[in-house]
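Good morning, and thank you for coming.

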Amino acid sequence: MYKAPVEEIAFTLNHVAGLAEAVEIGRFGDLSADLVDAILEEAGRFAGNEMAPLGEIGDRQGARLVDGEVKTPDGWPDLYRRWREGGWNGLTAPEAFGGQHLPHMLNVAALEMWNSASMAFALAPTLTMGAIEALVAHGSDALKEKYLAKMVSGEWTGTMNLTEPHAGSDLGVLKTRAERRDDGTYRIFGQKIFITWGEHDAADNIIHLVLARLPDAPAGTRGISLFLVPKFLVDDDGSLGPRNDVFCHSLEHKLGIHGSPTCTMIYGDGVFAPENSSEKGAVGWLIGEENKGLACMFTMMNNARLAVGMQGVAIAEAATQKAAAYARERTQGKAPGWSGSGMSPIIEHPDIARTLITMKALTQGARAICYACAHAIDMSHHTEGEEARHWSERAALLTPVAKSFATDIGVEVASLGIQVHGGMGFIEETGAARYLRDARIAPIYEGTNGIQAIDLVTRKLPLSSGDQVRGFIGEMKEVADRVAASNEPAFGETGDRLKAAIAALETATNWLLETQADGRVADALAGATPYQRLFGLTLTGCYLARGALADIGDGGTEKRVALCGFMAENLLAETSALKDRVVSGAASLEAARAILA
């Protein structure tokens with residue numbers, strides 16, 4: 001059974017990502033280290049004791065569409081009630097609407113624990129939190145007053161409605177339409193697919209954020225508007241009114257996240273048109289300005305991309321725990337040097353040990369990258385002027401890496417976990433397969449990892465004419481120099497291996513910037529995905545080294561140094577090959593296109 005790694009989470013937040021220093025200097029008001037510890041401990045307790053036992057039930061039962069109503073797995077509505085009554089939905093939300101206005105870092109740490117316990121369950125609050133952020137940033141005062149308090153409390157959940165059958169990542173071709181009405185409302189007509197928790201029985205109301213196009217809107221993404229469309233209309237006193245003209249037509253049958261209802265939503269079909277009304281259409285209210293909806297939705301999507309990165313970390317952590325527990329109990333053969341009676345636990349075999357330590361190193365690296373991204377977001381909100389711009393750019397640079405690297409690692413580590421289990425990993429009984437099934441969606445939704453690579457290379461590397469990424473690489477060099485200067489024998493070749501990886505990243509970065517400046521965008525994009533992994537692996541090495549240095553300085557054990565050394569001497573060599581793929585792969589890719597004809 002999953003047990004939240006509260007100590008590891010706290011250490012990474014405080015000593016690798018920078019929370020302890022920010023708290024110490026009062027960056028987050030009166031937030032104290034004791035309060036941080038208390039929040040993490042209680043989140044870990046709830047995730048392990050109350051949420052995790054129902055995660056397996058959710059995987060087996062799945063969400064069901066019964067007589068037009070979506071039923072979540074047994075026990076989930078009550079679990080959601082207990083979760084929201086604990087105040088977890090509003091950790092980072094504004095105090096004016098009942099939130100706690102805590103740092104984003106604490107929320108993503110909690111999200112890791114929720115997703116390790118049950119990724120399918122955690123998707124509901126993840127979407128709600130993103131909808132809250134979009135409404136806070138772009139909604140009118142009237143919309144905020146009517147909807148935010150209930151959304152922040154978790155009494156009402158939120159969704160994000162982008163995708164249509166013919167419009168996946170290319171939102172410019174969406175067909176859902178909106179029509180103006182004289183009373184200031186709009187009528188929404190259309191179909192949306194892949195809507196996470198679009199209909200369910202866990203909350204009193206569901207607040208849909210829907211992208212649609214007005215009749216006179218410009219073509220493409222410049223003509224998209226964002227609308228708030230509630231499942232139940234809300235009266236002026238805040239009570240629920242009649243059902244809006246929106247419903248779930250069907251549920252998708254998915255590889256994983258079975259407990260999460262993935263809905264096809266129909267707007268304006270007349271099924272729930274109010275009585276005595278000859279007018280069809282789901283009633284909606286504009287968020288932000290007409291034809292500026294994509295900018296509003298990106299507020300929600302950026303939140304969701306880091307949250308999805310945390311799903312990768314969470315699955316990797318849970319899969320590592322399960323595999324390590326199995327390897328301690330399963331006996332097979334006799335490992336070299338085994339002196340016990342009978343067969344040795346498979347964890348004693350070098351290949352299994354190597355696999356488990358690889359899983360742990362990649363998991364910890366992905367965790368640190370995501371927490372560092374959250375730290376940058378927090379700092380961008382709690383600083384001013386040039387410093388705020390710097391942190392905003394740092395968050396922008398790290399977001400595609402956090403989303404893509406962490407979710408790729410989630411799949412990779414979950415697969416390794418099955419391998420550790422051997423044949424039993426392929427059997428559903430052990431639960432190892434569930435992690436791989438759940439993990440596989442994360443590199444796809446909220447912008448595929450290929451799209452994240454395009455974003456990283458074409459939009460994020462050129463920030464401040466490349467100075468942001470060059471400055472970040474300079475910070476990595478400082479970490480490598482500190483390792484080399486530490487004279488700690490346990491580090492072994494870590495300093496040199498880190499320096500080599502950073503040099504590979506710097507070479508690839510400069511090549512991508514120069515290639516794009518020369519107008520050879522296609523050549524740059526040919527290496528975007530390997531560059532993304534190169535960035536993530538190098539950053540993993542640096543963050544593990546930062547943690548090891550902090551542990552040594554605090555009189556800790558050599559475990560973090562050993563993990564850092566393993567990463568450097570076993571996994572960082574891949575960075576050289578990745579650099580070659582970035583700078584030399586475009587020509588062979590173009591030449592090989594003929595085989596696809």
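This is a predicted model: local features need pLDDT of at least 70, side-chain atom pairs count only at pLDDT 80 or more; totals for chains, interfaces and linings use all residues.

Residues are numbered from 1 along each chain as its sequence is written, and side-chain values use heavy atoms, with hydrogens and water left out.

Let me start with helix H16. Helices here are DSSP runs of H or I with at least four residues, numbered from the N terminus, and strands are runs of E with at least two. H16 covers residues 559-571, and its 13 residues reach 17 Å from the first C-alpha to the last. That is close to the expected 18 Å, the expected span being 1.5 Å times one less than the number of residues.

Which residues of H16 are buried? They are Arg560, Val561, Leu563, Cys564, Gly565, Phe566, Met567, Ala568 and Leu571. Buried means under 20% relative accessible area, exposed over 50%, and partly exposed in between, using a 1.4 Å probe and protein chains only. The cover over these buried residues includes helices H1 (6-17), H8 (350-381), H13 (494-517), H15 (528-553) and H17 (574-584).

A salt bridge is a side-chain nitrogen of Lys or Arg within 4 Å of a carboxyl oxygen of Asp or Glu, and the structure holds 41 of them. Arginine 560 forms one with glutamate 8, where the closest N and O atoms are 2.8 Å apart. Because arginine 560 lies in H16 and glutamate 8 in H1, the pair ties together parts that are 552 residues apart in sequence. Both partners are buried. Arginine 560 also forms a salt bridge with aspartate 551, with 3.4 Å between the closest N and O atoms, and aspartate 551 is buried as well. Elsewhere, salt bridges with shared partners join Glu42, Arg45, Glu50, Asp78, Arg81, Arg82 and Glu85 into one network.

On a 1 Å grid over the protein atoms alone, a pocket is an open set of points with protein on both sides within 12 Å along at least five of seven lines; a cavity is a set where a 1.4 Å probe fits but cannot get out; and lining residues have an atom within 4 Å of a point. Of its 34 lining residues, Glu8, Lys360, Lys559, Arg560 and Leu563 lie nearest the centre. H8 gives the most to this lining, with seven residues. The lining divides into 18 nonpolar, six polar and ten charged residues. Here Ala, Val, Leu, Ile, Met, Phe, Trp, Tyr, Cys and Pro count as nonpolar, Asp, Glu, Lys and Arg as charged, and the others, Gly among them, as polar.

I turn now to helix H10. Seven of its eight residues are buried, so H10 is largely enclosed by the rest of the structure. Its buried residues pack against helices H3 (33-61), H5, H7 and H9 (385-421). Within H10 (residues 432-439), arginine 434 and aspartate 438 are four residues apart, about one helical turn. They form a salt bridge, with the closest N and O atoms 3.7 Å apart. Arginine 434 counts as buried at 11% relative accessibility, and aspartate 438 is buried at 3%.

How many cavities of 30 Å³ or more are there? The count comes to three. The largest holds about 50 Å³ of space, and its lining includes Arg434 and Asp438. H3, H5 and H10 each supply at least two residues of that lining.

The second largest cavity holds about 40 Å³. Its lining has six nonpolar, no polar and two charged residues, and Phe472 is one of them. Phenylalanine 472 lies in helix H12 (residues 467-485) and is buried, with a relative accessible area of 3%. Leaving aside neighbours within four places in sequence, phenylalanine 472 is in contact with Arg394, Leu397, Leu398, Phe535, Leu539 and Tyr543, contact meaning heavy atoms within 4.5 Å.

Note on methods. Grid points are joined across faces, edges and corners, and a volume is the space filled by probe spheres set on the points.
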